[in-house]
Amino acid sequence: MYTQALDVMTPQERAADRAAPRSAEDAAADAEREAAFEARIAEGGFIEAKDWMPGHYRKTLVRQISQHAHSEIVGMLPEGNWISRAPSLKRKAILLAKVQDEGGHGLYLYAAAETLGTSRDQMIEALHSGKAKYSSIFNYPTLTWADVGAIGWLVDGAAIMNQVPLCRCSYGPYARAMIRICREESFHQRQGFDALLTMMKQGTDAQRAMVQDAVDRWWWPSIMMFGPPDDASPNSEQSMRWGIKRISNDDLRQKFIDATVEQAKVLGVTLPDPELKWNEARGHWDFGAIDWDEFWNVVKGHGPCNRERLAARVAAADDGAWVREAAMAHAAKQATRERDARRAA
Ligand SMILES: [Fe+2]
Ligand SMILES: [Fe+2]
């Protein structure tokens with residue numbers, strides 16, 4: 001997912017959470033509230049911003065939603081790189097709208113995370129200092145125009161698989177933001193597929209080779225987007241119990257691969273995995289081993305573009321500082337005027 005399922009507390013945070021001092025009455029009241037909270041989730045109800053929730057649930061959500069928001073915003077960079085070089089007016093208009101959509105997704109998600117009591121400044125600071133993660137997929141470069149199509153088809157395609165179940169997430173503000181986001185994501189996937197299909201069916205040999213090269217480079221990173229395998233995700237279980245996560249990493253990955261293999265046939269591209277094979281007994285496509293060393297290497301900051309992406313975000317925040325300051329000054333001036341008008345009345 002855009003959050004890579006890395007949405008867990010550190011061992012230190014968990015120990016501190018458990019060790020927090022409580023009186024016997026407080027502990028009893030917490031147990032009662034926790035039972036009501038669990039019952040609400042079990043019956044498929046939503047938890048809202050002002051409802052009581054366990055500290056670990058709140059922290060897990062802040063981490064997941066802010067990682068998701070950062071991914072949307074950082075995700076604007078690889079494709080934004082191609083806006084000025086899109087091959088036609090139509091493709092340029094589509095790409096501009098898509099990159100703008102991603103900016104909007106980031107904003108809905110920052111707003112959803114803020115309802116949990118974390119300010120946007122804190123989240124941005126965590127991103128800029130390298131403390132917060134974003135999806136590693138955006139640390140790969142976009143070398144050709146076909147990369148823009150491959151991102152739409154594969155990266156937005158994988159994002160949809162991950163995000164549709166989040167529309168039923170137990171935290172109301174996140175679930176509602178996801179409904180709107182998913183509607184836009186499906187267009188993102190289609191525009192990518194359409195751009196690739198046009199090159200494959202109407203393009204030159206060189207364009208077809210460019211598409212194949214982009215698919216070769218984006219295939220493995222896109223299936224890594226579902227996060228580590230289930231047996232290496234011990235905390236997923238808690239997220240499942242809380243209704244934050246509905247489908248496991250491996251099940252989502254399989255679903256994505258099954259859908260995408262068929263789409264690759266329509267496109268006429270080869271997926272770069274010689275072990276991809278239909279398994280009649282399982283009713284799914286088997287696939288080769290994923291290079292998890294590569295995944296962790298990029299998560300830890302050593303991917304091809306990690307530094308460049310973060311530097312671009314920090315520079316954008318610095319360049320926009322005057323706009324935020326001007327807006328704050330204007331708001332303060334307006335508040336003063338309104339206060340003076342009320343006094344005079
Ligand atoms: Fe998005
Ligand atoms: Fe998207």
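Predicted model: local features only at pLDDT ≥ 70, side-chain atom pairs only at ≥ 80, totals over all residues.
Side-chain values use heavy atoms, leaving out hydrogens and water, residues are numbered from 1 along each chain as its sequence is written, and chains are lettered from A and ligands numbered from 1 in the order in which they are written. The iron ion (ligand 1) and the iron ion (ligand 2) sit 3.4 Å apart, with glutamate 102 coordinating both.

**Iron ion (ligand 1)**

- Its protein donors are Glu72 (OE), Glu102 (OE), His105 (ND1) and Glu185 (OE), at 2.0 to 2.2 Å.
- A donor here is an N, O or S atom within 2.8 Å of the metal (3.2 Å for Na, K and Ca); water is not among the atoms, so sites may look incomplete.
- The four donor atoms make angles of 87 to 143°, and the site is classed as irregular.
- For the geometry labels, four donors are tetrahedral if all angles lie between 85 and 135 degrees; four are square planar and six octahedral if opposite donors are over 155 degrees apart and all others between 65 and 115; anything else is irregular.
- Along the chain, the donor residues follow the spacing E-x29-E-x2-H-x79-E.
- That set ties together distant parts of the chain: glutamate 102 is in helix H5 (residues 89-114) and glutamate 185 is in helix H8, 83 residues apart.
- Helices (H or I, at least four residues) and strands (E, at least two) are DSSP runs, numbered from the N terminus.
- Glutamate 102 is buried at 3% relative accessible area, and glutamate 185 is buried at 0%.
- Buried means under 20% relative accessible area, exposed means over 50%, and partly exposed is in between (1.4 Å probe, protein chains only).

- Aspartate 156 and glutamate 185 are both buried.

**Cysteines**

- Searching the whole structure turns up zero disulfides, where a disulfide is a pair of cysteine sulfur atoms within 2.5 Å.
- The closest cysteine sulfur to that of cysteine 182 belongs to cysteine 167, and at 3.8 Å it is too far for a bond.
- Cysteine 182 is buried at 11% relative accessibility, and cysteine 305 is buried at 4%.

- The expected span is 1.5 Å times one less than the number of residues in the helix.
- H7 has a kink of about 35° centred on isoleucine 151.
- The bend at a residue is the angle between axes fitted to the seven residues ending there and the seven starting there.
- Because 18 of its 19 residues are buried, H7 is largely enclosed by the rest of the structure.
- Helix H9 (residues 205-224) reaches 30 Å over its 20 residues, close to the expected 28 Å.
- In H9, a kink of about 35° lies at tryptophan 218, shortly before proline 221.
- The buried residues of H9 include Trp218, Trp219, Trp220 and Pro221.
- Those buried residues pack against H7, H8, helix H11 (249-267) and helix H12 (292-302).

**Single residues to look up**

- Tryptophan 242 is in the loop between helix H10 (236-241) and H11, and is buried at 5% relative accessible area.
- Not counting residues up to four places away in sequence, tryptophan 242 touches Phe37, Glu38, Ile41, Pro54, His56, Tyr57, Thr60 and Ser170; contact means heavy atoms within 4.5 Å.
- Valine 99 lies in helix H5 and is buried at 7% relative accessible area.
- Arginine 313 is in helix H13 (residues 306-319), and its contacts beyond four places in sequence are Ile73, Val74, Leu77, Leu127 and His128.
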